[in-house]
Amino acid sequence: MEKRSRLSFQLRVFLLFSILLSNSGNCFSFGKHIASISTYYQQQSWVLNGLVTNEKGEPLVGASVLVKGTNRGTKTDNEGKFILEISAETEQLLVSYLSYTSQEITVGSRRTITIAMEPNLKEQQVNEVVVVGFGTQKKITVTGAISEVPVQNIQRISTPSLSNSLAGSMPGIVTRQSSGEPGYDGAAIFIRGFGTWENRSPLILVDGVERDLNNINTQEIESFSILKDASATAVYGVRGANGVILITTKRGKLGKPSVVFRTENALLTAQRLPKYIDGPQYAGLINEAQLNEGKNPIYSQLELEAFADGRNPYLYPNVDWVNTILKENTFQTINNLAVTGGSEIIQYYTNVGYTVQNGIYKQDPDNFWNNNAQMQRYNFRSNVDIKLSESIALQLGLGGIIQRGNYPGRSAPDIFRALKITSPINFPITNPDGSIAGGQTSYLQENPYGLVVRSGYSTQDRNTLQGTFGGKWDLSKLLTQGLSLRGLFSYDHYYQGWNDRFKPYRIRQYLGLGTNGEELYRNPDIREEGAMGYGSGSSSNRAYYSEASLNYNRSFQEAHNVTAMFLYNQRDYVHLTAGTSLANLPFRRRGFAGRLTYDYKMRYLLELNAGYNGSENFPKGKRYGFFPSVAAGWVLSNEPFWNSEIINHLKIRGSYGQVGNDQIGGRRFLFLTNIIRGGQDYPFGEQQTWLAGYNEDQIGNENVTWEVANKANLGLDLQLFNGKINLQVDGFRENRQDILLQRGVIPRVAGYYPWVIPYANLGKAENYGIDGLLEVKHTTQAGFYYNFRGTMTYAKSIRVKDDLPNYLYPYQNPIGHLIDQPFGYISMGIFQSQDEIDNSPRQTFIENVQPGDIKYMDVNGDGVIDIFDRVAIGYPRTPQFIYGANFTVAYKGAELSLFFQGTSKTSIFIDGPSMYPFQMGLGTYNILQEYYDNRWTTENPNGKYEGTEKVPF
């Protein structure tokens, strides 16, 4: 290129001097020669600026652009742009990109050009890869049950906790979020429900290392997939039974540095805040309870009016505690700055993030501390890839998470419990002198405002350091084609520290005004003011992980494709600040894994996977287990006889295998028997001297082992109309055995302490269901893009066997029912009269049954309502059915997305303080508006909730 430019320049100089030294001194002739030279070179050479995009108009990075018949070529940069020298209008560009149809374009007279590539669906199917256990596989040859989600779908949901963006996003995922407190709002995750009543959490791997999912910044994610069946998880052995989540972070790309800054600012709204009745309604409810028991009302009409009009808010308060301490909206910001790029030798990706999420507690501006909940987090990640030679490459990954949380002096459960049990008329927010108000029942009902605003504050720091170093050596030229060696080592360190500045605030009960107008208070104060205290603590742990694998990938005769893997790995985890020497012992796991796959022309598929691993938590000689699986598939659309223009891809696949779960619960080292030498004292001898005896602390079980899950899966992959419609459906069944449980048949009269009773692997469970994905996508010729992606998961988990004693009535036995199945009484309505009560079975748990009480079913027909009438009712709290849908439309860079999710076959039991008035005496427990509006009264005999009555404390 440089030589060509140098010759061109020399030729121009030579022609210019030839004209100047010619016989003709005619300026017109000189100008004509110059014009002729200029025209000549404009026709012969110019610079072409181009852009290569995909079918959506998005730039393609690394697309190849070559001038046909020459060695002039280049690749597009990070913005999909390229620059080429063109010598003639007749020259043609050859443009190619992996999984897209190559194009041949005549340049003509154009100086700029935009080339829109069309996807080659067949080639995309062949080249598309998915992340699997300890590697990747071509998607078309995968026989296991694996689900993926487009990362942009996750990134569209603005949440600091990744687990909150997963529900309904892919088939097989079941989540349940039980808190919205900043820093503690992560959802529990299950894959295809759960097959045990012990630890149900899946194994979560980030870049191949076991790590916390909620510490990952969504902008750092390159791919997210879940492994669901035994074929996909067998290589993880004793950790594969609950499923596996695989997350890979972004890495560098070839091209000049690309800088992307993204900021998300959200106004968060509390979806549901409890709505309680007001003061006049509460006081009226007290009168109603008195009348229901044949007693006189406590509050006169004048006093009820005083609660309503606020004429004396200190003696007749009407406090909306929810509105006093909580606000409906709060603010959240998520910011990320990423830099990526690199050369053929070194490629890099770096991201720094800053997140702030505020809580919904109202703040007192007079405080010198922040009493609102707040989470601040700094994320850093850097991934560097270095190509030392054609066969050796290294990877270095560093991650850091610095998180700081701020919270009121009292915990969220304490605060929300106070909302449930403190009525609007118990006491005002504060007294006339500004002190926190209290009442006669302050020992039961704490002032919610005092808990949030005056109780001090707590700060919590969580710091995580993640380091990963890996390498790959391609042995194709050294030994044999397709052979490679891979290694990985990681070090993770976690630290948590907290500082508590709790403050005992003054609580006083206001009694009114004295004869001289002075304020009167109960003497002594309910609680005196105290100095702000100080407490602190910390916890830390570290983990080493190492892995080495030998991999093989080769095709023979363009028909027989074989891949193989043999891997060794081990993990060492230590709780550095453990309180006992036993807890400080390392948690260790070591194992081997293998995989062998074969396919014939990507038509007939076979895959074998196995894991052989174990941990130190089991007895010597019984620490390792073998977990095999087999899977097969048939791609009908690759058969020679297949010529359907509608169905362009059809695959049937099935798998069966065995996986384990060593997170069995119970104490550590359950195979050991522990004896306490300084046990219970006993008197001996004539003098009856008391001497320390020996106690059994733990009875060991030398046969304790892991849970074993036998899993079967049958799946269908279907693609219609050249990829416009995609369908994935899987049916599954799992039989889990050897679930650890504490022996339940040993009676208390045997004399064993409850904590001494041994554990055994006696439990069994069954889990089955179906999950699926339907996606419809298309880009019109005008550039309009639309996409619909719907998912569903149904999983039913049954308790098959446990060690509980036989039940007097079989219908009360949890065997055969759902895991976590709630039990209760069946309501037959509400008693309307004393005559109905007299002619109904006797209810033993209500001392004085009266009209307005719930009428329960006598299930066993013995004429008495007691504990033997409890039966299975409703569903467990974790939903059996979860679904979601994502709609996206885009046009010329503008995009609009809509996502929703839902659940069914789950039950919430509305009970407790807010539904049962006065359980600890009149004036105790706040009452939901739902109960008040729908309770039974003589005027509303069709109310769905029982009537009010006074329950003595």
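A salt bridge is a side-chain nitrogen of Lys or Arg within 4 Å of a carboxyl oxygen of Asp or Glu. By that criterion, the whole structure holds 45 salt bridges. The model is predicted: local features need pLDDT of at least 70, side-chain atom pairs count only at pLDDT 80 or more, and totals for chains, interfaces and linings use all residues. Residues are numbered from 1 along each chain as its sequence is written, and side-chain values use heavy atoms, with hydrogens and water left out.

**Salt bridges**

- Arg-508 pairs with Asp-525, the closest N and O atoms being 3.1 Å apart.
- Arg-508 lies in strand β25 and Asp-525 in the loop between β27 and β28, so the pair ties together parts 17 residues apart in sequence; strands (E, at least two residues) and helices (H or I, at least four) are DSSP runs, numbered from the N terminus.
- Both Arg-508 and Asp-525 are buried, meaning under 20% relative accessible area, with exposed over 50% and partly exposed in between (1.4 Å probe, protein chains only).
- Glu-639 forms a salt bridge with Arg-603, with the closest N and O atoms 3.9 Å apart.
- Glu-639 is buried at a relative accessible area of 7%, and Arg-603 is buried at 11%.
- A network of salt bridges links Glu-210, Arg-239, Arg-571, Arg-589 and Asp-662.

**Open sheet**

- The order β10-β15-β16-β13-β14 describes an open sheet of 5 strands with mixed pairing; two strands pair if DSSP finds at least two bridges between them.
- The edge strands, β10 (146-148) and β14 (209-210), each pair on one side only.
- Strands β15 (221-227) and β16 (244-249) are antiparallel over 6 bridges.
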